[in-house]
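Dear colleague,

Please find the structure for your review below. My notes on the findings follow it.

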Amino acid sequence: MYTLFISDLHLHESRPQITRAFFHFLHAQTHDLEALYILGDFFDAWIGDDDDAPLNTQVASKLKQLSQHGTRIFLMHGNRDFLLGEKFATDSGAHLIAEGTVINLYGCPTLLLHGDNLCTDDQDYINFRQQVRSPQWQQQILAQPLAARRALAAQLREKSQAMNSLKAEDILDVAPDEVVRVMREAGVARLIHGHTHRPARHALIITGEPAERIVLGDWHDQAWAITATQNKIELINWDI
Ligand code: MN
């Protein structure tokens, strides 16, 4: 049996090769896949579950097939797709999980985050995050007609090139102190997150004990995943 983690696919109609790579990845899995965790920025943008764009329905249907074969699927919000809701989750046979969920991964308590909350050095971003994660702001956006939300999303994409960039150098890295703080608070020796587009395994010492932070990569020329079994955990990548 094994478990997979992915994040930051940034699925978008303008990047069909990524969608194809994702479907190929799903098809390549065996019945031994117990659980698939998607840790945010799965979609490059999400304007509401009522958006019936072909990409959204195709992705939901592929995930649903996987869930029907017995794989449990978990979705966490990222900073791009935080409006993703229960309808899409249900259509996908998936469960939405909260940022900061701790799972028991084959005996090892593992903290799961998208990762943007660790970038505490970027005050502008922290303010923006606070705004867009507030239920009032979200309700206000979702109350607008679909066409208006589509226009708003397109406008936001154009407006702030840096904020919409997928290049690692345009995304601030995590604040090391914040990593230690959240891992201590959660009482874990392992953290898995994405967001920074800086895939790596980092050895840490938390409260005098060895610990590890594993960072998933975004999908562009390469695809990234973490595969975990009872015996080992690996960060893997392959060409798209
Ligand atoms: Mn992100």
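**The metal site and the nonpolar cores**

His195 is buried, at 7% relative accessibility (buried means under 20% relative accessible area, exposed over 50%, partly exposed in between, with a 1.4 Å probe and protein chains only). This is a predicted model, in which local features need pLDDT of at least 70 and side-chain atom pairs count only at pLDDT 80 or more, while totals for chains, interfaces and linings use all residues. Residues are numbered from 1 along each chain as its sequence is written, and side-chain values use heavy atoms, with hydrogens and water left out.

His195 (ND1) coordinates the manganese ion together with Asp41 (OD), Asn79 (OD1) and His114 (NE2), at 2.0 to 2.2 Å. Donors are N, O and S atoms within 2.8 Å of the metal (3.2 Å for Na, K and Ca); water is not among the atoms, so sites may look incomplete. Along the chain, the donors of the manganese ion have the spacing D-x37-N-x34-H-x80-H. Asn79 is also buried, with a relative accessible area of 13%.

The largest nonpolar core has 36 residues, and Phe22, Leu36, Phe42, Val59 and Trp219 touch the most other members. A nonpolar core is a set of buried Ala, Val, Leu, Ile, Met, Phe, Trp, Tyr and Cys residues joined through side-chain atoms within 4.5 Å. Leaving aside neighbours within four places in sequence, Leu36 is in contact (heavy atoms within 4.5 Å) with residues including Leu4, Phe25, Leu63 and Phe74. A second, separate core of 16 residues includes Phe5, Ile103, Ile214 and Ala228.

Yours sincerely
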